[in-house]
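The entries follow the order in which I looked things up.

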Amino acid sequence: MTMAMTRLMMLAPALLILGCGQGEISYARDIQPVFDSYCVSCHAGSGEGAEISEYLMTDYENVMKGTKHGAMVVAGSRMSSSLYLIVAGKTAPEIHMPPHTDESFAEGRGYELSPDTIEKIGLWIDQGARNN
Ligand code: HEC
């Protein structure tokens, strides 16, 4: 096999992903702003999410570091990533994020993510969860 062919075969999966019409997700442009608006109120400093799960969502390094129990993002696979499953409502209702409790909504600390935003998070993970 020629070098050129080997290169092409390695490129193919990446091109397929980019070719799906979804475009490339940028962490800085598309993802951290969502976390800043919807998650950081509880997942930073003395917020309850930071205190109970020790999950800080203030920047890429912390998001990838995960909770005291381990990583929440598995690069390349949204379905293996607790962070995705939790925001997409694929877990037990008690651990949906942002928390779907009356108190958190009433206190203005919980806002549901739109399907579009949830899909962006999924795509970001599937595309390798990069700090791009
Ligand atoms: C109103 C406060 C609040 C907001 C807003 C919030 N969280 Fe949380 N989060 C919590 C609390 C409290 C826990 C700990 C739950 C527990 O372990 O019982 C938690 C835990 C988590 C965990 C760890 C779950 C586990 O199994 O250990 C993840 C992942 C998470 N949150 C993601 C998010 C994401 C993503 C957002 C934004 C879309 C978000 N959270 C918004 C309060 C919040």
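Entry 1, overall build. I looked up burial first: buried residues make up 23% of the 132 residues in the protein chain. I took a residue as buried if 20 or more other C-beta atoms lie within 10 Å of its own, as exposed if 12 or fewer do, and as partly exposed in between, with C-beta atoms placed from the backbone. This is a predicted model, in which local features need pLDDT of at least 70, side-chain atom pairs count only at pLDDT 80 or more, and totals for chains, interfaces and linings use all residues. Residues are numbered from 1 along each chain as its sequence is written.

I then noted 7 helices and 0 strands in the protein chain. Helices (H or I, at least four residues) and strands (E, at least two) are DSSP runs, numbered from the N terminus. I counted two residues as in contact if their C-beta atoms, placed from the backbone, lie within 7 Å. Of the contacts with a separation of 6 or more, 45% are between residues 24 or more positions apart.

I defined a nonpolar core as a set of buried Ala, Val, Leu, Ile, Met, Phe, Trp, Tyr and Cys residues joined through C-beta atoms within 7 Å. The largest has 21 residues, and among those touching the most other members are Phe-35, Val-87 and Trp-124. The elements α2 (27–38), α5 and α7 (115–126) each give two or more residues to this core. Leaving out residues up to four places away in sequence, I found Trp-124 touching Ile-25, Tyr-27, Asp-30, Ile-31 and Ala-129.

I found 25 residues around the ligand, the closest being Cys-39, Cys-42, Gly-49, Met-97 and Arg-109; a residue is near a molecule if its C-beta atom, placed from the backbone, lies within 6 Å of it. Both α3 (48–53) and α5 supply at least two residues of the shell.

Is Arg-78 buried or exposed? Arg-78 counts as buried because it has 22 C-beta neighbours inside 10 Å. Arg-78 lies in the loop between α4 and α5, and its C-alpha atom is 7.7 Å from that of Leu-123, 45 residues apart along the chain. Ala-71 is also placed in the loop between α4 (60–65) and α5 (82–87). With 16 C-beta neighbours inside 10 Å, Ala-71 counts as partly exposed.
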